Amino acid sequence: MSWHRTATDRWRWLVPVALVLAPVGVVSSNPAVVLCAVVCVGVAAFARASPGPLPTLACERRFEERDDGTVAVSLRVANDGDAPLSDVRVVDGVPADCTVVDGTPELACSLPAGGSRTLRYRVELPESTRRFEKPFVVLADRAGRVELDSRVDAGADRLGSSRPLPDAEPVALRPPRGGPPGPLTSTESGEGLAFHSVREYRRGDPLARVDWSRLARTGDLSTVTFRAERAPTVVLVVDARSDAYVARAADATPARDHAVDAARTLVTGLADAQVGLAVLGSGVSWTPPGSGRSHRAKLRRELDTDPALVAPPEDPDPDLGSVASTLRTRAPADAQVCLLTPLCDDEVATLARRLDAGGTPVSVVSPDPTTTDGPGNQLAHLERVARVRELRRAGIPVLDWTEGDAREAFARTGWSR
């Protein structure tokens with residue numbers, strides 16, 4: 001670490017002032033003026049005699065992501081030298097496009113030998129990786145005659161996922177019966193644009209809803225109501241059981257990873273929906289449905305860090321019958337489920353049919369990990385084809401793809417709108 005040294009010349013005016021005041025005080029026999037000259041000389045001598053700082057400074061930065069879509073940043077500044085530092089000023093290198101929502105990335109303090117101070121603040125979690133600059137540190141001696149400045153290495157400097165959410169077109173789940181994500185028309189009256197009914201005027205009804213034409217025609221005062229609109233609720237269920245860790249070849253990408261990429265695409269493609277996440281590993285991890293930038297960041301973090309999505313579960317797979325009950329209990333009544341699975345066993349296909357038959361609309365996104373090389377592989381391929389066919393016969397849409405990424409598959413099969 002190299003320090004840039006700057007002489008502030010803060011007290012350079014003291015000696016000329018003393019040279020003027022001393023003769024004036026002697027000639028005028030004014031002790032107060034002579035005393036002022038002596039004080040100026042003393043302060044100048046103290047400033048010149050004060051040793052410049054000899055810093056041995058260390059910084060350590062840490063990030064802690066919060067559930068509210070923010071990141072707590074802490075920067076520890078330590079004086080590892082044998083001499084105290086009387087004036088320490090630190091400004092952390094926050095990226096220009098990272099918004100500080102609480103606290104301040106600045107610190108001014110003194111540090112005894114071996115002492116440390118920590119500054120803390122919070123920033124919004126960025127959608128993609130951001131790099132922090134090294135903290136800018138300025139040190140000064142006790143008299144402020146000399147300043148040293150440098151950028152000090154603080155270790156951790158990258159904030160955000162190394163895999164940002166992909167850009168994706170809006171995705172429509174259950175295309176035959178649904179529609180593109182966004183406001184959905186219900187059968188109830190409320191706020192909306194589509195006409196619902198006309199009823200008798202009630203006190204407090206907005207004047208904009210009064211049917212003035214009918215009033216002029218019949219003299220009856222009535223109010224027009226519209227069909228309510230609401231955002232859809234979608235729960236993404238990622239199959240991360242040991243049966244999902246299959247690939248077309250030893251060096252190929254596992255179907256589980258393709259399913260995770262599809263889930264990341266859906267988080268973006270369902271931007272107007274309330275989106276939740278469930279991961280089937282040794283158990284069921286659950287993130288309740290929500291919307292907004294901070295919730296998307298939370299979903300991205302779960303898809304990046306959930307233990308079942310990082311490595312194959314070591315414990316036995318869960319009973320999918322109880323999983324169906326768990327999902328029905330936790331998911332809102334109007335939610336639909338998008339099951340992301342390679343469909344390599346009968347149990348997961350049964351889960352999809354059980355949820356759909358129980359009144360929860362289900363769609364399936366299924367990367368195909370099977371091949372037709374050899375009798376065993378061909379049998380597994382035919383069994384999977386049969387599962388896809390049975391689900392479609394039950395009215396469950398299945399996106400089945402063998403090549404390309406999830407965005408291409410959504411666009412190719414008409415699920416992107």
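**Reading the sheet and its helices**

Guide: Val-279 stands opposite Ser-285 in β16. The model is predicted, so local features need pLDDT of at least 70 and side-chain atom pairs pLDDT 80 or more, whereas totals for chains, interfaces and linings use all residues. Residues are numbered from 1 along each chain as its sequence is written, and side-chain values use heavy atoms, with hydrogens and water left out.

Visitor: How many bridges join β15 to β16, and in what sense do the two strands run?

Guide: Strands of a sheet pair through backbone hydrogen bonds, either parallel or antiparallel. Here five bridges join β15 (residues 274-280) to β16, and the two run antiparallel. Two strands count as paired if DSSP finds at least two bridges between them; strands (E, at least two residues) and helices (H or I, at least four) are DSSP runs numbered from the N terminus. With β14, by contrast, β15 pairs in the parallel sense over seven bridges, and Val-234 stands opposite Val-275 in β15.

Visitor: In what order do the strands of the open sheet lie?

Guide: The six strands follow the order β16-β15-β14-β17-β18-β19, with mixed pairing. At the edges stand β16 (284-290) and β19 (398-401), each with a single partner strand, so one side of each has no neighbour in the sheet. From one strand to the next the twist averages 15°.

Visitor: Which residues of β14 point one way, and which the other?

Guide: In a regular strand the side chains alternate between the two faces of the sheet. From β14, Thr-233, Val-235, Val-237 and Asp-239 point one way and Val-234, Leu-236 and Val-238 the other, and all are buried, that is, under 20% relative accessible area with a 1.4 Å probe, protein chains only (exposed is over 50%, partly exposed in between).

Visitor: Which strands does α8 lie across?

Guide: Helix α8 lies across β14, β15, β17 (335-340) and β18 (362-367), running at about 160° to β18. Helix α5 (residues 293-305) lies across β14 (233-239), β15 and β16, at about 165° to β16. Angles run from 0 to 180 degrees between N-to-C directions, with axes fitted to C-alpha atoms, for helices over the stretch in contact.

Visitor: What are the distance and angle between the axes of α8 and α9?

Guide: Two packed helices are described by the angle between their axes and the distance between the axes. The axes of α8 (residues 346-357) and α9 (residues 375-393) come within 11 Å and cross at roughly 5°. Contact, meaning heavy atoms within 4.5 Å, involves Asp-346, Ala-349, Ala-352 and Arg-353 of α8 and Arg-387, Glu-390 and Leu-391 of α9.
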